[in-house]
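Q: Could you take a close look with me at the place where two of the protein chains meet?

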Number of protein chains: 2
Amino acid sequence: MENNELNAEEMRLWHMWKGSFQLIFGRVIKDMSEHTGLSEGDYGVLDRLDLHGGGQLRQQELADSMDWTKSRLSHHLTRMEQRGLVARKPLDADRGVQVLITPEGKSALDEARPVVAKAIRKHFLAYLTEQDVESITKLAGRTKAGSL
Amino acid sequence: MENNELNAEEMRLWHMWKGSFQLIFGRVIKDMSEHTGLSEGDYGVLDRLDLHGGGQLRQQELADSMDWTKSRLSHHLTRMEQRGLVARKPLDADRGVQVLITPEGKSALDEARPVVAKAIRKHFLAYLTEQDVESITKLAGRTKAGSL
DNA sequence: ATTCTATGGTTGATATGTCAACCATGCGCT
DNA sequence: AGCGCATGGTTGACATATCAACCATAGAAT
């Protein structure tokens with residue numbers, strides 16, 4: 001059994017990994033929010049409504065697809081609704097709620113897409129080597145698999 | 001010049017990278033906070049006070065070492081002070097503030113260290129191959145360098 | 001019929017982050 | 001003296017996240 005504290009190398013790895021992510025991710029989000037007024041959450045919601053749902057999705061499906069709790073989504077949608085980005089419509093079929101992207105939401109998304117694409121290319125993809133791509137892909141497979 | 005939207009492969013990479021990080025990081029933080037009652041921020045503050053400062057550090061140095069704004073740190077310290085984890089002492093030398101780890105803070109940190117070490121080994125280090133280690137190290141170097 | 005449980009969602013309290021405005025002091029310059 | 005400016009920090013407002021409690025209804029199970 002190893003020591004119950006991390007050695008210098010282990011700690012260094014953890015900090016580098018965490019640091020790189022936060023640095024890159026922060027840059028992407030900053031670019032997006034400055035240029036579009038959308039937060040990461042806003043973009044995620046709009047993106048999924050557009051791609052998966054063709055503009056609409058029931059709340060629970062949306063929450064699942066984003067890996068968010070229903071509470072978190074509920075609060076967030078309330079704020080987005082206030083800003084006119086989405087609308088909620090009760091489904092009497094089974095007391096669910098349908099979330100719809102509004103025209104304003106759709107146009108905000110359309111404006112954001114190229115901004116996000118450019119930011120991801122500039123701050124993330126541009127730094128990757130072939131080896132990194134392989135590493136990222138494999139690691140994702142390993143962690144998801146052993147997930148639940 | 002490429003298209004101004006991401007292609008499937010680019011998007012997949014971004015999502016995998018982001019997803020792996022959030023999954024792993026979330027697991028580590030969850031383990032820690034459940035077993036110790038400290039948040040990530042709490043741990044970071046205590047850790048730096050202990051390692052860099054031998055128990056104390058001026059507020060601005062602490063903020064720099066954590067990559068936090070002074071505002072963020074000020075708010076966080078107020079909460080930690082309330083809980084008795086740290087104390088603040090004015091430095092009349094140059095109107096700065098010295099942040100001290102309290103005995104309760106120190107013992108909370110000592111309890112947390114092995115928990116954090118175990119969580120990082122279990123959720124992060126255990127998944128890494130030699131290639132990942134190299135990839136993480138190099139990527140960190142590249143992004144920091146091109147940072148400012 | 002009654003009670004249990006699962007599903008779908010809301011709500012309020014509290015913790016955490018960000019932003020801009022503010023305050024005080026020291027320091028250099030004119 | 002008077003000004004501009006940098007440094008070190010606080011504050012309040014607001015956005016975001018988490019947690020637990022709650023509400024309503026549908027479908028079993030008793």
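How many salt bridges does the rule find across the interface of chain A and chain B?

A: Happy to! The model is predicted, so local features need pLDDT of at least 70 and side-chain atom pairs count only at pLDDT 80 or more, while totals for chains, interfaces and linings use all residues. Residues are numbered from 1 along each chain as its sequence is written, chains are lettered from A and ligands numbered from 1 in the order in which they are written, and side-chain values use heavy atoms, with hydrogens and water left out.

Across the interface of chain A and chain B the rule finds six salt bridges (a side-chain nitrogen of Lys or Arg within 4 Å of a carboxyl oxygen of Asp or Glu). Asp132(A) and Arg142(B) form a salt bridge through their side chains, at 2.9 Å from N to O.

Now for the setting. In contact (heavy atoms within 4.5 Å) are 46 residues of chain A and 46 residues of chain B. The two chains bury about 4,900 Å² between them, with 66% of it on carbon and sulfur atoms; buried area is the accessible area (1.4 Å probe) that two parts lose on being put together, summed over both. On the chain A side, Trp14(A), Trp17(A) and Phe21(A) lose the most area to chain B, together 15% of what that side buries.

Polar contacts (N or O atoms within 3.5 Å; within protein, one must be able to donate a hydrogen and the other to accept it, and residues adjacent in sequence count only if both atoms are side-chain atoms) join 13 residue pairs between chain A and chain B, both residues at pLDDT 80 or more.
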